[in-house]
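User: I have a chain open here and want to go through it. Can you take some questions?

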Amino acid sequence: MKLYDNVIRAALEELENFAPQIWTYDASQVWPDAGESQLVLGRDAAYELGGSGLPAVHYTCVTQDKGLVGEDQVLLYGPDLGELQADAPYARIALLGVRPLNGDDEAVYRALRDMEFVRYHVFPRGYMFRVSTENFREQVRVSKQARQEGISFRRVGFDFIQKYRENPNILQVKLIFVTRPDGPYQAFQAQARQAAGITRTLTHILDGLPTDCSACQLKPVCDQVEGMRELHFGQKKK
């Protein structure tokens with residue numbers, strides 16, 4: 001499963017010149033999860049991550065290369081939730097180390113989607129998501145009460161990791177948060193688009209469409225992604 005490896009490497013390279021805070025996962029320090037979608041009204045919000053038209057990017061990538069993910073950790077580049085005083089730019093990148101995915105191509109695709117959809121089952125208390133899958137935005141409204149109670153990316157990240165690790169195919173999680181004003185958000189946006197293109201190409205393969213590369217709109221993705229062409233023609237032979 002090398003399909004997303006180049007996207008992961010590109011994200012890590014963008015952050016090489018910045019020093020993060022790093023926390024190893026501790027199940028005893030998970031921020032309380034509300035268990036369901038919650039509403040944080042504007043009057044109750046301390047600020048918004050990605051508010052006021054600021055960047056707000058999210059995407060998920062999987063890999064079987066353990067070295068690209070490492071142990072379960074949360075990395076933060078920029079001010080923490082308790083330090084922010086106003087709306088801020090934001091990115092959340094989830095890198096998932098996975099076990100070899102068995103079964104036919106459709107089973108692999110479904111397994112990947114299940115891992116990606118974990119984010120829709122995480123509800124950190126006082127941390128309300130608004131997600132747009134079309135433009136890869138994940139805008140977050142943080143409540144004043146949660147800020148007073150000491151909410152942090154460390155503990156929110158642990159909540160994400162706890163939920164990801166409930167999926168038996170996920171072995172490692174590196175969760176990256178970025179709030180730096182000078183963060184590489186445009187690059188992240190491009191990487192999110194590339195990751196989505198890879199997933200769309202998998203859908204294309206499963207649809208059993210003709211594999212005439214010269215006529216395929218997704219040819220640029222296959223040209224750039226290691227293993228995609230082999231997967232494509234492997235599906236054709238079945």
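Predicted model: local features only at pLDDT ≥ 70, side-chain atom pairs only at ≥ 80, totals over all residues.

User: How many helices and strands does the protein chain have?

Analyst: The protein chain has eight helices and eight strands. Its length is 238 residues, and 49% of them count as buried.

User: What share of the contacts with a separation of 6 or more is between residues 24 or more positions apart?

Analyst: That share is 85%.

User: Now the core. Which residues touch the most other members of the largest nonpolar core?

Analyst: Leu-49 and Tyr-127 do, in a core of 66 residues. Beyond four places in sequence, Tyr-127 touches Leu-49 itself, and also Tyr-90, Val-142 and Phe-177, among others.

User: Next, Glu-138. Where is it?

Analyst: Glu-138 sits in strand β7, which spans residues 137-143.

User: Is Glu-138 buried or exposed?

Analyst: Glu-138 counts as buried, because its relative accessibility is 1%, and the cut-off for buried is under 20%.

User: Which side chains does the Glu-138 side chain make polar contacts with?

Analyst: One is the side chain of Tyr-90, at 2.9 Å. Another is the side chain of Arg-92, at 2.8 Å. Glu-138 is also in contact with residues including Leu-49, His-58 and Phe-129.

User: Changing topic: which residues make the nonpolar surface patch?

Analyst: Phe-117, Tyr-120 and Val-131 make a patch of about 230 Å². Phe-117 lies in the loop between α3 and β6.

Conventions
Residues numbered from 1 in each chain as written. Heavy atoms only, no water. Patch = residues over 30% accessible without salt bridge, like charges linked within 9 Å, V, L, I, M, F, W, Y side chains within 5 Å. Areas by Shrake-Rupley, 256 points an atom, 1.4 Å probe, with all protein chains shown as cover. Salt bridge = Lys/Arg side-chain N within 4 Å of Asp/Glu carboxyl O. Helix = DSSP H or I, 4+ residues; strand = E, 2+ residues; numbered from the N terminus. Buried < 20%, exposed > 50% of the residue type's maximum accessible area, 1.4 Å probe, protein only. Contact = heavy atoms within 4.5 Å. Core = buried A, V, L, I, M, F, W, Y, C linked by side-chain atoms within 4.5 Å. Polar contact = N/O pair within 3.5 Å; in protein donor to acceptor, adjacent residues only side chain to side chain.
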